[in-house]
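User: Please go through this model with me in questions and answers. Keep to what can be read off the coordinates.

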Amino acid sequence: MLQPAGKGSHIELGIALGQGKITFLYTPGKEIEDLKTTCTFYHLSEVKKCVGDLAELIELVTKTVTVTES
């Protein structure tokens, strides 16, 4: 999920988590770390979070998918 995202994205994130899918949450800033203002899903250990630039997200996804496929 790329942030900012709408309310429907949280439904999709919940479905993906329920199906055991690998999930990534990306935002350029640190706002997803705020427990008071974010969705509970963001703080689950199954959600792989990436804060920074898109190059870091690409690296995280590439490493995760490569490890999972082996």
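Analyst: Helices here are DSSP runs of H or I with at least four residues, strands are DSSP runs of E with at least two, and both are numbered from the N terminus. The model is predicted.

User: Where is glutamate 33 found?
Analyst: Its C-alpha atom is separated by 16 Å from that of threonine 23, 10 residues apart along the chain. Not counting residues up to four places away in sequence, glutamate 33 touches His43, Lys49 and Val51. By the run assignment, glutamate 33 lies in the loop between β1 and β2.

User: Does glutamate 33 count as buried, exposed or partly exposed, and which is it?
Analyst: Buried requires under 20% relative accessible area and exposed over 50%. Glutamate 33 has 42% relative accessibility, so it counts as partly exposed.

User: How many residues of strand β1 are buried?
Analyst: Both faces of β1 are covered, with Thr23, Leu25 and Thr27 buried on one side and Phe24 and Tyr26 buried on the other. The strand, residues 23–27, is therefore largely enclosed by the rest of the structure. The number of its residues that are buried is 5 of the 5.

User: What is the relative accessibility of threonine 27?
Analyst: Threonine 27 belongs to strand β1. Leaving aside neighbours within four places in sequence, it is in contact with Gln3, Ile32, Cys50, Val51 and Gly52. Buried means under 20%, and threonine 27 counts as buried because its relative accessibility is 1%.

User: Which residues does threonine 23 touch, not counting residues up to four places away in sequence?
Analyst: Threonine 23 is also in strand β1. It counts as buried, at 5% relative accessibility. With residues up to four places away in sequence left out, threonine 23 touches Leu13, Ala16, Leu17, Glu46, Val47 and Lys48.

User: Which residue in β2 does tyrosine 26 stand opposite?
Analyst: Strands β1 and β2 (residues 47–51) run parallel and are joined by 5 bridges. Within this pair, the residue in β2 opposite tyrosine 26 is cysteine 50.

User: How far is the sulfur of cysteine 50 from the closest cysteine sulfur?
Analyst: A search of the whole structure finds 0 disulfides. Cysteine 39 is in no disulfide, and its nearest cysteine sulfur is that of cysteine 50. A disulfide needs the two sulfur atoms within 2.5 Å. The separation is too far for a bond, because the closest sulfur to that of cysteine 50, in cysteine 39, lies at 18 Å.

User: Within what arc do the buried residues of α1 fall, seen down its axis?
Analyst: The buried residues of α1 are Ser9, Leu13, Gly14, Ala16 and Leu17. Seen down the helix axis they line one face of the helix, because they fall within an arc of 160°.

User: Which exposed residues does the face of α1 turned away from its buried side carry?
Analyst: The buried residues of α1 are covered by elements that include β1 and β2. On the face turned away from that buried side, the exposed residues are Lys7, Ile11, Glu12 and Gly18.

User: What is the relative accessible area of glycine 8?
Analyst: Glycine 8 is in helix α1, residues 7–18. Its C-alpha atom is 24 Å from that of aspartate 53, 45 residues apart in sequence. Glycine 8 is partly exposed, with a relative accessible area of 38%.

User: Which residues make up the largest nonpolar core?
Analyst: In soluble globular proteins, nonpolar side chains tend to be buried together. Leucine 13 is in contact with Met1, Thr23, Phe41 and Tyr42, leaving aside neighbours within four places in sequence. The largest nonpolar core has 6 residues, namely Leu13, Leu17, Leu25, Ile32, Tyr42 and Val47.

User: What is omega for the peptide bond that joins glutamine 3 and proline 4?
Analyst: Most peptide bonds are trans. Proline 4 is found in the segment before α1. The bond joining glutamine 3 and proline 4 is cis, with omega about 0°.

How values were computed. Residues are numbered from 1 along each chain as its sequence is written. This is a predicted model: local features need pLDDT of at least 70, side-chain atom pairs count only at pLDDT 80 or more; totals for chains, interfaces and linings use all residues. Side-chain values use heavy atoms; hydrogens and water are left out. Buried means under 20% relative accessible area, exposed over 50%, partly exposed in between (1.4 Å probe, protein chains only). Two strands pair if DSSP finds at least two bridges between them. The arc is that of the directions from the helix axis to the C-beta atoms. Contact means heavy atoms within 4.5 Å. A nonpolar core is a set of buried Ala, Val, Leu, Ile, Met, Phe, Trp, Tyr and Cys residues joined through side-chain atoms within 4.5 Å.
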